[in-house]
Amino acid sequence: MPKSGYAKSAEEAETELKAYCESISFDHEWISAPQWAAAIGIALDKRTGYAEAFKSIDTDKDELFRARARDTRQANIDGDTAQLLAAAAGHHSLKTTAAGILQQLADAYVAGHRVYLTLGGPPMDTTRYADLRDAWDDAARLAAGGVFTDFVSHAPQNKQAANKGNVGDTTETRKVQGDLLVKIDGVRFNMHVNIAG
């Protein structure tokens, strides 16, 4: 919890609000940019401060899990003008891993799950991951004009060497990992891919 009742700067507010989100197991990525800016403004206001800013985040979290909100997110996926999930499932180079990842991310979006996921299975060799990054670029082209936007893939990184080896508060550690990112209706998702090293 913050040491004082309100934020002294926007940077302080952002740090404290992100920490609060983490403490309640809620990814701040789910909060729209205008709502996030409003929460920062509330934290900066001496009359409202952190207590009311935290309440606004709690409200956002509660709304995320309401059935109506899930139905709306499912409608966004179903109404995707690019129909990316169907296109990827039938595309010659995307049928397997890339299409499966897109489906997992879409399911996480609809359910309101965490925005940081890790691909299951054994670590992927670097050649296969390079092919997956190419497939991610193909998916971006198929997604044009739809609800899936801002496709990014990152080269493998040794997370332990970069001092990013810990996974939250768990004892699990990360070694070499690549990342595939995409926004679904403006919410940023990141699929971590373990790489054999």
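Helices here are DSSP runs of H or I with at least four residues, strands are DSSP runs of E with at least two, and both are numbered from the N terminus. By that count, the protein chain has 7 helices and 4 strands.

Before we go on, some ground rules. This is a predicted model, in which local features need pLDDT of at least 70 and side-chain atom pairs count only at pLDDT 80 or more, while totals for chains, interfaces and linings use all residues. Residues are numbered from 1 along each chain as its sequence is written, and side-chain values use heavy atoms, with hydrogens and water left out.

Now the overall picture. Start at the N terminus and read along: the order is α-α-α-α-α-α-β-α-β-β-β. The chain has 197 residues, and 39% of them count as buried. Buried means under 20% relative accessible area, exposed means over 50%, and partly exposed is in between, using a 1.4 Å probe and protein chains only. The accessible surface is about 10,700 Å², and carbon and sulfur atoms hold 51% of that. Those areas come from the Shrake-Rupley method with a 1.4 Å probe, and for residues only the protein chains shown count as cover.

Next, contacts. Contact means heavy atoms within 4.5 Å. Take the contacts between residues at least 6 apart in sequence: 64% of them join residues at least 24 apart.

On to helix packing. Two packed helices are described by the angle between their axes and the distance between the axes. The axes are lines fitted to C-alpha atoms, for helices over the stretch in contact, and angles run from 0 to 180 degrees between N-to-C directions.

How do α1 and α2 pack? Helix α1, residues 10-23, meets helix α2, residues 33-44, at an angle of about 110 degrees, with the axes 9 Å apart. So α1 is roughly perpendicular to α2. The cut-offs are these: under 35 degrees is roughly parallel, over 145 roughly antiparallel, 65 to 115 roughly perpendicular, and the rest oblique.

Who touches whom? From α1 we have Ala-10, Ala-13, Glu-14, Leu-17, Lys-18 and Cys-21, and from α2 Trp-36, Ala-39, Ile-40, Ala-43 and Leu-44. By class, that contact has 9 nonpolar, no polar and 2 charged residues. Nonpolar covers Ala, Val, Leu, Ile, Met, Phe, Trp, Tyr, Cys and Pro; charged covers Asp, Glu, Lys and Arg; the others, Gly among them, are polar.

Helix α2 has another partner, helix α3, residues 49-65. Their axes come within 7 Å and cross at roughly 155 degrees. Therefore α2 is roughly antiparallel to α3. Among the α2 residues in this contact are Trp-36, Ala-39 and Ala-43, and α3 brings residues including Tyr-50, Ile-57 and Asp-60. The classes here are 7 nonpolar, 3 polar and 2 charged.

Now Ser-32, in the loop between α1 and α2. Ser-32 is partly exposed, at 30% relative accessible area. Ser-32 and Asp-60 are 28 residues apart in sequence, yet 9.4 Å apart in space, C-alpha to C-alpha.

Last, two residues further along. Thr-97 lies in helix α6, residues 97-111. Is Thr-97 buried or exposed? Buried, because its relative accessible area is 17%. Beyond neighbours within four places in sequence, Thr-97 contacts Leu-119, Met-124, Arg-128 and Leu-132.

Tyr-129 sits in helix α7, residues 126-142. Tyr-129 is buried too, with a relative accessible area of 1%. Leaving aside neighbours within four places, its contacts include Met-124, His-154, Pro-156, Leu-180 and Ile-195. Tyr-129 and Thr-97 are 32 residues apart in sequence and 10.0 Å apart in space, C-alpha to C-alpha.
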